[in-house]
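Subject: Handing over a structure, with notes

Dear colleague,

I am passing this structure on to you, and my notes on it follow below. Please look through it before reading on.

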Amino acid sequence: MNSPSHTETQVLIIGGGATGTALARDLALRGVDCILVEKDDINSGASGHNHGLLHSGARYVASDRQTAMECRAEGAILKSVAAQTIENTGGYFVAVQGDDERYVADFPSLCARAGIAARAVDLTAARALEPALSERTIAVFEVPDASIDPFRLSLESMAHARSLGARLMRRSRVLGFERDGRRIRAVRVQCGSEELRVEAAQIVNAAGAWARELALLAAAPVEMAYFKGTLLVTHTRLASRVVNRLRLPADADILMPGGTVSIAGTTSTPVDALDDIYPTTAEVDLIVAEAARMLPPLETMRYIRAYAGVRPLVGAPGAGGGRAVSRGYALFDHEDQGLDNLATITGGKLTTCRLMAERAADLVCRRLGVTRPCLTATTPLPVAPECGWTEPGRSARAWMRSHARDDTLLCECELVPGRAVDAIYDALRAQGDAPTLTDIGLRSRVGKGACQGAFCAPRTVAHLYNRGDFQARRGLAEILDFFGERWRGERAVLWGEQLAQAELMEALHCGVFGEELQAEELRTEDLRGEVSP
Amino acid sequence: MSSARQDSCDVAVIGAGMAGMAAALFAAERGLKCIQVGNSGGLLFASGLLDLLGVQPVAEGRLWQSPFEALAALAREEPLHPLARVDARSIRSAFDSFVAALGGSGLHYAPLGERNRKVLTSIGTIKTTYGVPRSMIAGADLLDARPPCLLLDFRGLREFSAAQIAATLGERWPGLRHRQIEFPGGEALPELYGAHLARALESAETRARAIALVKPLLGDAHAVGFPAVLGLARSGDVHAAFEAGLGVPVFEIPTMPTSVPGLRLLRALEGLMSARGVHRHHQAGARALTFDADGATATLELEGISTGSGGERVFARAVVLATGRFSGRGLSADRAGVRESLLGLPVQQPASRAAWHQRDFLDPSGHAINRAGLRVDDAWRPLDAGGTPAWPRLHAVGSILAHQDWMRSKCGAGLAIATAWAAIDQVTRELRGTAAG
């Protein structure tokens, strides 16, 4: 039925972030057949490069009440259907001396108008519960913010969708669209060395920041602007709750709990291009200086990593054809651009990904004549055993519980046992994939601790060779890929203890292993070094 | 103890890594009364291989077969590099002395020659080095002909996979086979630790059981490679016993740090310090270093878990600073810049933190921060902000020095040993002219 170069489906989804995976699940639950193509891996874009905040909505009560109310509603839904991905930490909004006192005074009524529960907290009590708060704190409100693991959310959404028949194609890039009048007849996709034609009745562009590029490829442009956001990961967790700065949205106004660490952010810098996005030392310094006004220990905290993502912001309503549904996210039907089977869903928040998927699925189903309603607001997201390894502490618990003779600890920072790597590897393998070290890193805590992979990456590779999964020189290439990616985030926070850590990493990988010279070592043919300068 | 204890010496060496150990050893061998301060734990990260100079220039990744030709090129191209400031004869003498001393302490190296050697690493890469422990040399010798060989690992020794090494080299070395075996006595353990295995193999019985397990696997193997766990204090004997028992050359491959070869080096050097009468304050750190007005004596205040409330003072006629870089704590960095940790000596460094590191981890040029460090005069004296020596008898050696990137040049041990030799040479000459302390 499906020759290697041709396949058919009802809906082709482009993009494997929070929205794309939620859409695959939504459609699968309505009995619609779909394929999700992702040029890289799950959450490779903004979905995997944000602070993991499940918004109460309080952040937007003044600037965008519609988004605030959507966040409030969606936050409550995700807490009930995807509880395993959420740490219900609660959140504080904190003002310090010098902050706009009028905004502080208006905040409770703004929250009330958006239906968001905000309770004033006594300053002494707040500082007893969150000792890192500044002595210069002048107001604290408690709101129902929470922390969400975006990787687990997307991985489990996709796993659920797959269990219902959806297909996932990672590392598959859209090359072009074959147009036939008002329809896209087929989408050409590069997967590995092979080119595939996908014929789909409906196509949804859920490519996040890359949606502009895709829409242009389909000759149905949408206007979008890109904003780069940088975040910092601390070595230890500084606060148990989400701590927001009580002011209008601005740089460095949040500290998120993220399991065993805290995440400080963010910046917002307009950028033109999507490649070559990396955190700079200037952004890091800005975040440290500004966030430390609210939480002074951040000034001297050890940071283990920084990362940057690109937020897509959709242009003014109507600008790109179709209609912008709200300022938060946008759904384009492209019909006034002469296309009846393409939709673009982009912008928005991690918190509203389910809603965005629902709106896109509603459009697609209407076009397909499918009348089954959306089920994602009420259907619990099933726990998928191979998707839970991004949770800090889970692998440690598993390892302590069943420390079997044939199970070794591969990562000592985050206590990742060989068994976790096996589970992830085997699950990907079962999908017909050739899993890489980077794939394993995305789905586990490997490389997430203080050593940033210096020790656990070679150990994991050794483990995979011992299992017979890796052959030839592949391990070396994967170690270099993995470090390359980690390094982009690490280099802007290298001072103090983390600089000493990075020095050890280079001493091992360059000093002892000579990884940077292997091309040269092999070129000097007979391994003895017969290169005579 | 309430009153401060005091001690005096000719030369105080601050630091107990490779450079500090070499400096203390060379000082003692010249009859200087030496006190050494500092934790030696950093040596655990050593591989046991003694690099001299493998790559020059770094940006071209050019490998040299002769370290001495590489040194000559370095002297032409980077005259400020610390190794370019030590003459070749001194470097040879330094290595000969260091390796001979280690041999006397039970850690034997293969004879040092004119050429660099290539050895296998635990991830299957090939590394250019110079001084190779006797227990590893057969592996280097085999890289010429690549005859059929057997690589072994022990189940549970998680950072060493013989399968990985064989697979990585397989295309170029088809006769390289691999097997995993159970470590005798470790069958029930999920994880094995190199140091435990090394100690266990010093028992003749465990060794015999290991040899009996390996022997039937030999086949056509001309040699057998093991992870570097063949003995600790008596590694020479253990290695010899394996060769005798198996009837073929046996070689070790260094494992990931912290490794048994690092531990052997640490033990051998600590043994040498005590044999040569170096007084070690190995649990203490240097809290402060001051110099008297007439330039005759330095006072070192110590701080550490072994000292009483009054602390300890060391008076020294000369001081060698061998405190290393960031992981050794000789240099410290915050967001604004790099400082020398003990005295606040000026550090040669890039203009801003944005220039410290390249965008790519393996950028061929290396990271600019790695060339930051202390500037010294021809007598190895760190320079103050005005460009003059900070104190007439304060000398700096090893990786804390500026204008070098030992990780990329493959010159770590060479930098430590050669600059220690040259600085102690200088100290000896300085002190010879003055009355004994």
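In chain A, among contacts with a separation of 6 or more, 71% are between residues 24 or more positions apart, where a contact means that the C-beta atoms of two residues, placed from the backbone, lie within 7 Å. Please keep in mind that this is a predicted model, in which local features need pLDDT of at least 70 and side-chain atom pairs count only at pLDDT 80 or more, while totals for chains, interfaces and linings use all residues. Residues are numbered from 1 along each chain as its sequence is written, and chains are lettered from A and ligands numbered from 1 in the order in which they are written.

As for confidence, the mean pLDDT of chain A is 91, with 93% of its residues at 70 or more; pLDDT is the predictor's confidence in each residue, from 0 to 100. Over residues 316-326 of chain A, however, the pLDDT is below 50, although this stretch has 26 contacts in the model beyond near neighbours in sequence. Residues 525-533 of chain A likewise stay under 50, and for them the model has 22 contacts beyond four places in sequence. Where pLDDT is low, the predicted coordinates should not be read in detail.

Turning to the overall form, chain A has a radius of gyration of 24 Å, which agrees with the value near 24 Å for a compact globule of 533 residues; the radius is taken over C-alpha atoms, and the globule rule is 2.2 Å times the number of residues to the power 0.38.

Chain A is divided into domain 1 (6-46 + 151-223 + 315-368), domain 2 (82-147 + 226-312) and domain 3 (389-523), with bounds that come from an automatic or database domain assignment. The centres of domains 1 and 2 of chain A, taken over C-alpha atoms, are 31 Å apart, and their contact takes 11 residues from domain 1 and 8 residues from domain 2.

Between the chains, 60 residues of chain A are in contact with 54 residues of chain B. On the side of chain A that touches chain B, the largest share, 11 residues, comes from H14(A); helices (H or I, at least four residues) and strands (E, at least two) are DSSP runs, numbered from the N terminus. In total, chain A has 15 helices and 22 strands.

With best wishes
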